[in-house]
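Welcome! Please take a look at the model below before reading on.

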Amino acid sequence: STLFPYTTLFRSGSALFLAGNWSTEIWASDGTAAGTHRLLDVAATNTSSIQFPYDTQLPPHTFGALGNRLLFPATDGTASVSLPWITNGTAAGTSWLNTVGQQGPVFVRSLGSDKALFLTSQGIWASDGTPAGTRSLASGSFYAGGLPALSGTLYFESFNGATPELWKTDGTPAGTVLATPLPVPFNGEMLASGGKLFMPGYQPN
């Protein structure tokens with residue numbers, strides 16, 4: 001199998017990673033040969049369940065912890081986009097979460113031990129790890145910027161209009177709102193430190 005160590009992800013007592021002879025699937029290992037196995041062949045066809053954009057490896061932020069489970073993007077080969085899946089490190093505990101109808105997740109961030117937020121190509125979603133508990137928070141064209149947390153609130157940027165905007169969310173639809181318009185766009189990752197939020201700004205000449 002071909003191992004992609006760049007996308008190795010650890011969870012309580014074991015490692016989850018991407019590998020495959022002809023297609024890329026999610027595997028689990030406890031560090032022994034006997035304990036290393038493919039969790040599930042998600043794709044119903046001879047295609048990779050884990051899709052790599054532009055022949056590159058998926059960045060780590062495409063995956064996210066939800067307690068001792070892992071949220072990750074996969075396709076069953078019949079959908080045109082990757083959809084959110086969840087696993088607890090076993091085949092029986094690996095399942096599809098929700099048809100969000102959009103490419104995603106493209107960025108995942110944990111919010112406490114029982115909720116994860118993820119950005120898709122067209123919005124931001126929250127999930128408690130169940131299909132019924134996976135719901136849209138807001139629709140739009142958003143940029144994660146690292147989704148930094150400040151006092152239990154996550155921040156991200158919106159590109160919905162001519163003016164860039166800083167948005168925030170507490171993981172609920174009502175708590176996903178505009179924080180403030182931005183004087184200039186920013187390009188890069190935001191940083192929360194000392195009770196303040198820092199972002200790299202871009203000022204055209």
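Strands E11 (residues 123–127) and E12 run antiparallel to each other, joined over 5 bridges. This is a predicted model, in which local features need pLDDT of at least 70, side-chain atom pairs count only at pLDDT 80 or more, and totals for chains, interfaces and linings use all residues. Residues are numbered from 1 along each chain as its sequence is written, and side-chain values use heavy atoms, with hydrogens and water left out.

**The sheet**
- Ile-124 stands opposite Ala-138 in E12.
- An open, antiparallel sheet is formed by 4 strands in the order E9-E10-E11-E12 (strands are DSSP runs of at least two E residues, numbered from the N terminus; two of them pair if DSSP finds at least two bridges between them).
- Strand E9 (107–110) and strand E12 (134–139) are the edge strands, each pairing on one side only.

**The aromatic rings**
- The structure holds 4 aromatic pairs (rings of Phe, Tyr and Trp, the last by its six-membered ring, pair if their centres lie within 6.5 Å; planes under 30 degrees apart count as stacked, over 60 as edge-to-face and the rest as tilted).
- One of them is the edge-to-face pair of Phe-142 and Phe-156, at 5.0 Å centre to centre with 80° between the planes.
- Phe-142 lies in strand E13 (residues 142–143) and Phe-156 in strand E15 (residues 153–158), so this pair ties together parts that are 14 residues apart in sequence.
- Phe-156 also forms a tilted pair with Trp-167, at 6.4 Å centre to centre and 35° between the planes.
- Both Phe-156 and Trp-167 are buried (under 20% relative accessible area, with a 1.4 Å probe and protein chains only).
- Ring pairs link Phe-142, Phe-156 and Trp-167 into a cluster.

How values were computed
Buried < 20%, exposed > 50% of the residue type's maximum accessible area, 1.4 Å probe, protein only.
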